Amino acid sequence: MAILDILVYPNPLLRQETDLVTTFDGKLKKLIADMWETMYVAKGVGLAAPQVGVPIKLLVAEWEERRQVLINPSIIEKSGSEKREEGCLSFPGIYEEVERPERIRILYQDEKGESHDEIVEGYLARIFSHETDHLNGKLLIDHVSLLKRAFLKKKFGRKARIS
Ligand code: NI
């Protein structure tokens with residue numbers, strides 16, 4: 001296993017489009033193992049492939065003993081709404097209140113390529129929503145107020161200010 005570099009905002013690779021995963025091979029397995037290792041070292045609860053520079057629809061997440069690999073996830077229903085603080089490994093040291101659905105219905109494949117259709121609630125739903133956002137080029141900063149966004153852009157450097 002290897003520890004991968006986590007891209008930090010405003011790296012443009014965090015915004016790139018991601019491809020569907022269609023091949024469930026050894027290469028994918030190795031990437032998943034490396035992403036787990038990288039997430040644990042960084043003390044995160046979720047990590048999406050674009051955050052390590054790989055533009056594919058893959059994420060890993062762990063919450064309350066549940067370890068989950070989601071491939072090609074798609075949130076097809078949302079209900080309720082809850083504001084809670086969350087962080088992101090691509091925005092080190094930043095925690096922001098973000099409104100997310102309380103409950104989601106999500107379709108995904110596991111690492112063997114098997115399809116699942118599941119209803120998820122609470123903080124795990126928040127993590128899945130946050131990480132699925134990454135696969136669509138959407139970031140924590142897109143969920144905060146304009147004022148906070150300006151502050152974060154300034155904090156994360158010049159490159160962001162001109163974008
Ligand atoms: Ni994140």
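The following questions and answers examine a predicted model.

Reader: What distance separates the end C-alpha atoms of helix H1, and which span should its 16 residues have?

Author: Helix H1 runs over residues 26–41. At 1.5 Å a residue, its 16 residues should span 22 Å, and this agrees with the separation of its end C-alpha atoms, which is 23 Å.

Reader: Which strands do the buried residues of H1 pack against?

Author: The buried residues of H1 are Leu28, Leu31, Ile32, Asp34, Met35, Trp36, Thr38 and Met39. These buried residues pack against strand E1 (46–48), strand E2 (58–63) and strand E3 (66–79).

Reader: How far from the centre of the ring of tryptophan 36 is the charged end of arginine 67?

Author: Tryptophan 36 is one of the buried residues of H1. The charged end of arginine 67 sits over the ring of tryptophan 36, and its distance from the ring centre is 4.0 Å.

Reader: Is asparagine 72 buried or exposed?

Author: Asparagine 72 is found in strand E3. Its phi is also positive, near 50 degrees, in a residue other than glycine. The relative accessibility of asparagine 72 is 13%, under the cut-off of 20%, so the residue counts as buried.

Reader: Which residues is isoleucine 56 in contact with, leaving aside its neighbours within four places in sequence?

Author: Isoleucine 56 has its place in the loop between E1 and E2, and it is buried, with a relative accessible area of 18%. Its C-alpha atom is separated by 7.3 Å from that of leucine 135, although the two residues are 79 residues apart along the chain. Leaving aside neighbours within four places in sequence, the contacts of isoleucine 56 are Thr18, Asp19, Val21, Leu28, Leu31, Ala49, Pro50 and Leu135.

Reader: Why is the pair of tyrosine 9 and phenylalanine 91 stacked?

Author: The count of aromatic pairs comes to five. In the pair of tyrosine 9 and phenylalanine 91, the ring centres are 4.8 Å apart and the planes lie at 20 degrees. Planes under 30 degrees apart meet the cut-off, so the pair is stacked.

Reader: Which parts of the chain does this pair link?

Author: Both tyrosine 9 and phenylalanine 91 are buried. The two residues are 82 residues apart, and the pair links distant parts of the chain: for tyrosine 9 the segment before H1, and for phenylalanine 91 the loop between strand E4 (82–87) and strand E5 (95–100).

Reader: Which residues form one aromatic cluster with Tyr9?

Author: The ring of tyrosine 9 is stacked with that of phenylalanine 91. The aromatic cluster that contains Tyr9 also includes Phe91 and Phe156.

Reader: What is the omega of the peptide bond from tyrosine 9 to proline 10?

Author: Proline 10 lies in the segment before H1. The peptide bond that leads from tyrosine 9 to proline 10 is cis, with omega near 10 degrees.

Reader: How many of the 14 residues of H2 are buried?

Author: At 1.5 Å a residue, the 14 residues of H2 should span 20 Å, which agrees with the 21 Å between its end C-alpha atoms. H2 is mostly covered, and the number of its 14 residues that are buried is 13.

Reader: Which element gives the most to the lining of the largest pocket?

Author: The largest pocket holds about 350 Å³ of space. Its lining has 21 residues, and those nearest its centre are Gly44, Val45, Gly87, Cys88 and Leu89. The elements that give two or more residues to this lining are E4 and helix H2 (122–135). With six residues, the element that gives the most is H2.

Definitions and conventions
Residues are numbered from 1 along each chain as its sequence is written. This is a predicted model: local features need pLDDT of at least 70, side-chain atom pairs count only at pLDDT 80 or more; totals for chains, interfaces and linings use all residues. Side-chain values use heavy atoms; hydrogens and water are left out. Helices (H or I, at least four residues) and strands (E, at least two) are DSSP runs, numbered from the N terminus. The expected span of a helix is 1.5 Å times one less than its number of residues. Buried means under 20% relative accessible area, exposed over 50%, partly exposed in between (1.4 Å probe, protein chains only). Contact means heavy atoms within 4.5 Å. Rings of Phe, Tyr and Trp (its six-membered ring) pair if their centres lie within 6.5 Å; planes under 30 degrees apart count as stacked, over 60 as edge-to-face and the rest as tilted. A charge sits over a ring if NZ of Lys or CZ of Arg is within 6 Å of the ring centre and within 35 degrees of the ring normal. On a 1 Å grid over the protein atoms alone, a cavity is a set of points where a 1.4 Å probe fits but cannot get out, and a pocket is an open set with protein on both sides within 12 Å along at least five of seven lines; lining residues have an atom within 4 Å of a point. Grid points are joined across faces, edges and corners, and a volume is the space filled by probe spheres set on the points.
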